[in-house]
Structure formats: C-alpha cells, structure tokens
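Colleague: I am new to this structure and would like a close look at a single part of it. Please take the surroundings of the ligand, and then go on to the strands and helices that you can describe.

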Amino acid sequence: EAAGILRRQSARESAARTYARALPIVPVRARGMTIEGADGRRYLDCLSGAGTLALGHNHPVVLESIRTVLDSGAPLHVLDLATPVKDAFTTELFRTLPPALADRARIQFCGPAGTDAVEAALKLARTATGREGLLAFTGAYHGMTAGALEASGGARDVRVARLPYPQDYRCPFGIGGARGAELAARWTENLLDDTKSGVPAPAAMILEPVQGEGGVLPAPDAWLRRMREITAARGIPLIADEVQTGVGRTGAFWAVEHSGIVPDILVLSKAIGGSLPLAVVVYRDDLDVWPPGAHAGTFRGNQLAMAAGAATLAYVRENRLADRAAVLGSRMLAGLRSLAADHPCIGEVRGLGLMLGVELVDPGEPGPGAGESGAAARVRPGPQQHALPQQQALPLPHPQHSLPQQRGHQKQPQPQPHTQSHDLPDT
Ligand code: PMP
C-alpha cells in the first residue's frame, strides 16, 4: 500500500517538492517526536513540521482544544468576526508578548501562512510611513510570495537594500565575533547616512533574530540592539520576523527577548497555530493607520488553528518550556561540539536554545573563516578572509563597499523609547 501511495504521488506532484523526494516515508500516525510509517517503522521526526510543532505531534492539550471546538458546534469559518475562540487566542498571545509591545499592541490576522503575515507587515509599514524602500539582510528568508521573496536573501527588487547579517563562521568581513557584528552594524549605519547611496527611503527594516533558512544564524544581542537604535533614531519601523524563532524554541518565549529589543512590528506564524495554519502581525498601535479592507484574506479566521494555538501558547507559558529549551539546548550544543572535535566534516555548531545548526563542510577544503566568540558557538577556527566572499557580495551602490576604517568612531548608543528589557511572564 505504501509503495503504491509513493508511486502515485511522485507521478502526480510537482517537481518543486523537496523533502518528500529524499524520504520515501508514508506517515500514518504521530505522537511527540515520533512518526510511524505505513510500513510499521517508527522514525524520529527531525522535520518537526518546519517549526510548527512546539509541543510535538498530537499533544493531548492540542487535540483536546480542537475537539472542544468541534464538539461545541462553533462555526469553523467566520472571517473577521469576534468569537470566544479568537478572544482566547488573542488574550493568550498578548500575555506572552514583551510588555512594552503588549501594552499598546494591535493584531491583524493574516492567513494562513507566515509569508502572508510578512506581506501584511511590509504593507503596514509602507502605509504608515508613506515610504517604499526596505532594509533586508543577506541570507534572510521571509517566504515565497512576491514581497516576502524580495525581502529575502536573493532580493532583486530595486527598492530593497540588502545589508550584511552578522555571523562568525562566514563573516562577510572575515572577522566574526563582536567586531564583525559591529562592522556589519556600521555598514548599515553608513549606508543609511549616505545621501548618495541611491537607497530609497526605507519604510522598514526586516530581520530574523536567528536566521533560520539562512543556516541557523543567531544574531548577537549587541548587533540587534544596534539595529534597534539605528532604526529608532531614523524613524524606521523595525519588523522582527519570528515566524521560525517563536514560542520558546530559542530559550525565550520570543527570540527578541534575549537582546531585550522591542520591535515595532512582530511577524508570527508556524508554532502559534499549534500545528495548524495561522499567521498574524502584532504591531504598535500608532502604526494602525491602514484603512478598513487594506488587508484581507479568506482564511484569516481559522478557529481550529486559534484553539490549537491558544492551547499551545498557554502550555508553553505555564510549563516554562522556553526555559526548558534553553537547558536542553545547551546540553545538546555541548554534545554536538564534542562531536565536532572528532569530526572534521563539522565546520561549526551554532544556535540558540533548541534552534541549533550543524554546518557540514568538506574537510579537504579550507574553512570559510571564523571569528571570535559571538552569539554562535564557534567550534573550529578556519583561515580568516578579509574580503567579502563572493556569495556575500553586497550589490548596493555605496561609496564604502570596503570595511569602514574609523575604528574609534563608534556612535554612542542613544536612549531608545522602544528598547526595554523584560522577563519571561511569571506563571
Ligand atoms: N519567515 C521565516 C523566518 C520563515 O522561516 C518562514 C518559513 N520557513 C517564513 C517566513 C514563511 O512562512 P510560510 O512558509 O508559512 O509561508
């Protein structure tokens, strides 16, 4: 039976399918981290629903929340209308947000995928600022729809300025660590202050606190704070895309909590739906200037996803699972690092909480370069490179394509209204 299913699907499905080509598995049951194939074999599911399964497959509280809605006879589709389920989800979500955002937040339900919420965030920022440009980062991934794609690493849209994202192992400046991150911040600052750069006035900066698809790259806290300062000082809304980093995965409920930055717009999806499709943007109320109807979409009111999401958020918060992810993550990181010491094919191990990455390299090739200790856990130093590697070339018209020279000219941080640290909510 399984062989027939695999044969029929591979004959009919598009060439764009990815994992399914390499994994001839037909899952029929799942629980926690385990999926069971039609062949009766059990597998550890490291795909983890692409980050949607904060509680694993079919967690009892998630199933219970879905059953409760189904048994209640509640409508499953209500567009934008208020319902008890929606109220419960919104209340629980706001409870988890950084207080400085939650106190004055608005929510827009988008739907159903992360990329929809990214589109909404870009539209909101452009409407609120009346500007068109966008500041985005090399290696970023924000989704597959047109706007989100243009904000991603391979941006071709002339309105998008692509900025260096800090990293140790493949640092675009060949330095890594805190100094590499500071150079990346100054590169951004110089570009924004250069009136001849040709970069259109930005409506927003969009970043991932930990780049996911880009290779699990945690941005150093200091660099994130610099991005917050740089954008706040210039009146540029900061969009944090926490589609992949949210709901405890990185060791904090939201990854922005590590650095204490408070974004103006937060893009959320994946795990907030408790394994069902759900996406929202949460933003400062003074940005809420788009007119009714400015953002719509048929599937923006998915009741089952809201129920599963509310149950997931509450469970993560009440059981302090973010703290647990931090503990398990550091244990796993230590284990992976000791593996790396014995295996030259491991170039670097890095990550935050349980969002971990292992970069595999050809041991025969020279390493791409590694830096001082940064947010990433560096395992082995490689030869340093002092030019921008080809794949990281920064294609903007800019007078300072080379590294900024003035080491002593670091700007003093300015007091920022939106930069506030806070703790995990007490339970
Ligand atoms: N932003 C980030 C950071 C993501 O990781 C993803 C998906 N991997 C998206 C946006 C897009 O989400 P979706 O695939 O649900 O459209």
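Modeller: A helix here is a DSSP run of H or I with at least four residues, and helices are numbered from the N terminus. The model is a predicted one. With that definition in hand, helix α7, residues 114–129, gives the largest share of the shell around the ligand, namely three residues. The ligand is surrounded by 15 residues, and the closest are A113, G114, T115, G143 and Q244. By kind, the shell around the ligand holds seven polar, five nonpolar and three charged residues.

Next come the strands. Strand β7 covers residues 202–207, and six of its six residues are buried, so the strand is mostly covered. Strand β5, residues 133–137, runs parallel to β7 and is joined to it by three bridges. In this pairing, P202 of β7 stands opposite G133. β7 also pairs with strand β10, residues 238–241, again in the parallel sense and over three bridges. Here L207 has A240 in β10 as its bridge partner.

Last, a pair of helices. Two packed helices are described by the angle between their axes and the distance between the axes. For helix α9 (residues 177–193) and helix α10 (residues 221–233), the angle is about 15° and the axes are 9 Å apart. Angles under 35 degrees count as roughly parallel, and α9 and α10 are therefore roughly parallel to each other. The crossing of α9 and α10 is right-handed.

Definitions and conventions: Residues are numbered from 1 along each chain as its sequence is written. This is a predicted model: local features need pLDDT of at least 70, side-chain atom pairs count only at pLDDT 80 or more; totals for chains, interfaces and linings use all residues. A residue is buried if 20 or more other C-beta atoms lie within 10 Å of its own, exposed if 12 or fewer, and partly exposed in between; C-beta atoms are placed from the backbone. Helices (H or I, at least four residues) and strands (E, at least two) are DSSP runs, numbered from the N terminus. Two strands pair if DSSP finds at least two bridges between them. A residue is near a molecule or strand if its C-beta atom, placed from the backbone, lies within 6 Å of it. Ala, Val, Leu, Ile, Met, Phe, Trp, Tyr, Cys and Pro count as nonpolar, Asp, Glu, Lys and Arg as charged, and the others, Gly among them, as polar. Axes are lines fitted to C-alpha atoms, for helices over the stretch in contact, and angles run from 0 to 180 degrees between N-to-C directions. Angles under 35 degrees count as roughly parallel, over 145 as roughly antiparallel, 65 to 115 as roughly perpendicular and the rest as oblique. A crossing is left-handed if the near helix is turned anticlockwise from the far one by less than a right angle, and right-handed if clockwise.
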